[in-house]
Structures are given as structure tokens and as C-alpha cells.
Amino acid sequence: MPVVVDRVVEPLAAPPTGLVDQPILGYQDMTGRTLQPPYLFSLSKFSMPEAITDNGFIGRDPSVGLVALDTAKLVVRVAGDPACFPHAAVVRETTASVTVAVYYGRAEPTGSDGEGVDQCNVLASSNNISTIIPIPLVEPVGNRTVITLDGSPIRRVGLASPSQ
């Protein structure tokens, strides 16, 4: 069963250094204000003791009384290495496309050089954590294509259901 990162992602314009790009398995557009699709709101939250803001955990806590899904217009599903957690996302919007990339790493206290990040290899583990990352957008996805940084299309899918 996937887990949701309950953090408001603050997208980057360019790829960060020292982190590992994780494959995006699929996306789904969101209407958080009307809680659609509803099953995403019933998923457990991503939890890892090391995943805190001071260690590089992606985004910031949502406003009081909200969850990150409330303000997202897109969610992507990644399969992250269980020893690592999401640190950053690149998001670029045009009228024709939404470009997305998600980057994982290990705990990196201020001043760290990203040691061990090479171990964040999604293909190396059968214990990957299927993770839903809420992405804020200026406009809903609509008819735009959702793609990776290299231009490959990301599949629109139902990301989870209560039976998965």
C-alpha cells in the first residue's frame, strides 16, 4: 500500500546536486479542495525517523488544519529506496506540459556532503517504499502532458485504491 508524503512541496526550477532522481511510476491530477480522488486521503502518511526538515526532508509542513493533498493539483508515485527519503522535486509548467522529477537522499544535516546518497538506488531493493508525492501547480493539469526532465511521458493512472 502506498504512503503519502504530507509535506507541501516547494518545487525547484533545476535539478539539485548530490541527490538521486527516482523513477516516477505514474501520476494523477488532484482536486484537493473537494477531496478528489478520495482514496488518496485515506492512505497512511510517509514516516521515517530521519525524515525531518533539518535533514533535508522535502517541503514544509502544511498549514494547521490541512494536509498537503488539500493544496496539490498533481500527485506522483515513486518507488523510493527504504534507506532514503524524498528531498526535492523539480516542477516546470508550460501551457502544453508539466515536467516533474523527484529526488531522494539520506539524512543530510546542514553542512553534509550527501554521503551515502549513491545507496539511494530504487532498483537495488525489493523493499521499495511506494510513495505518493503531492505537487502544487499554478494551474490544474487539464489537457497538458506530464513528462520527466528528459521528456519521457509519465503515465496517468489511478495510483492506489483501498484494495491495493
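Reader: Is Arg60 buried, partly exposed or exposed?
Author: This is a predicted model, so the accessibility here is computed from it. Buried would need a value under 20% and exposed one over 50%. Arg60 comes out at 40% relative accessibility, so the label is partly exposed.

Reader: Which residue does Arg60 meet in a salt bridge?
Author: Side chains of opposite charge can pair when their charged atoms come close. For Arg60, the N to O distance in the salt bridge is 3.0 Å. The partner sits in the loop between E1 and E2, while Arg60 is in the loop between E3 and E4, so the pair ties together parts 50 residues apart in sequence.

Reader: What is the distance between the closest N and O atoms of Arg7 and Asp61?
Author: These two residues form a salt bridge. The pair links distant parts of the chain, with Arg7 in the loop between strand E1 (3–4) and E2, and Asp61 in the loop between strand E3 (24–29) and strand E4 (74–80). Their closest N and O atoms are apart by 2.9 Å.

Reader: How many residues apart in sequence are Arg144 and Glu93?
Author: Their side chains meet in a salt bridge, at 3.0 Å from N to O. Arg144 lies in the loop between strand E7 (129–135) and E8, and Glu93 belongs to strand E5 (residues 85–93), so the pair ties together parts of the chain whose separation is 51 residues.

Reader: What is the relative accessibility of Arg144?
Author: Its salt-bridge partner Glu93 is partly exposed, with a relative accessible area of 29%. Arg144 falls under the 20% cut-off and so counts as buried, at 11%.

Reader: Which strands stand at the edges of the open sheet?
Author: The sheet has 4 strands in the order E1-E7-E4-E3, with mixed pairing. An edge strand has a single partner, so one side of it is left without a neighbour in the sheet.

Reader: Which residue in E7 is the bridge partner of Val75?
Author: E4 and E7 pair in the antiparallel sense over 7 bridges. Within E7, the residue bridged to Val75 is Pro134.

Reader: What is the volume of the largest cavity?
Author: The count comes to 1 cavity of 30 Å³ or more. Pro134 is in its lining, along with others including Arg7, Val8 and Ile135. The lining splits into 7 nonpolar, 1 polar and 1 charged residue. The space inside is about 30 Å³.

Reader: How many helices and strands does the protein chain have?
Author: Along the sequence, the pattern reads β-β-β-β-β-β-β-β. Buried residues make up 49% of the 164 residues in the chain. The tally is 0 helices and 8 strands.

Reader: Which strand has the highest mean pLDDT among the elements?
Author: For the chain, the mean pLDDT is 85, and 82% of the residues reach 70 or more. Among the elements, strand E2 (residues 20–22) has the lowest mean, 87. The highest, 97, belongs to strand E8 (residues 145–147).

Terms used:
Residues are numbered from 1 along each chain as its sequence is written. This is a predicted model: local features need pLDDT of at least 70, side-chain atom pairs count only at pLDDT 80 or more; totals for chains, interfaces and linings use all residues. Side-chain values use heavy atoms; hydrogens and water are left out. pLDDT is the predictor's confidence in each residue, from 0 to 100. Helices (H or I, at least four residues) and strands (E, at least two) are DSSP runs, numbered from the N terminus. A salt bridge is a side-chain nitrogen of Lys or Arg within 4 Å of a carboxyl oxygen of Asp or Glu. Buried means under 20% relative accessible area, exposed over 50%, partly exposed in between (1.4 Å probe, protein chains only). Two strands pair if DSSP finds at least two bridges between them. On a 1 Å grid over the protein atoms alone, a cavity is a set of points where a 1.4 Å probe fits but cannot get out, and a pocket is an open set with protein on both sides within 12 Å along at least five of seven lines; lining residues have an atom within 4 Å of a point. Grid points are joined across faces, edges and corners, and a volume is the space filled by probe spheres set on the points. Ala, Val, Leu, Ile, Met, Phe, Trp, Tyr, Cys and Pro count as nonpolar, Asp, Glu, Lys and Arg as charged, and the others, Gly among them, as polar.
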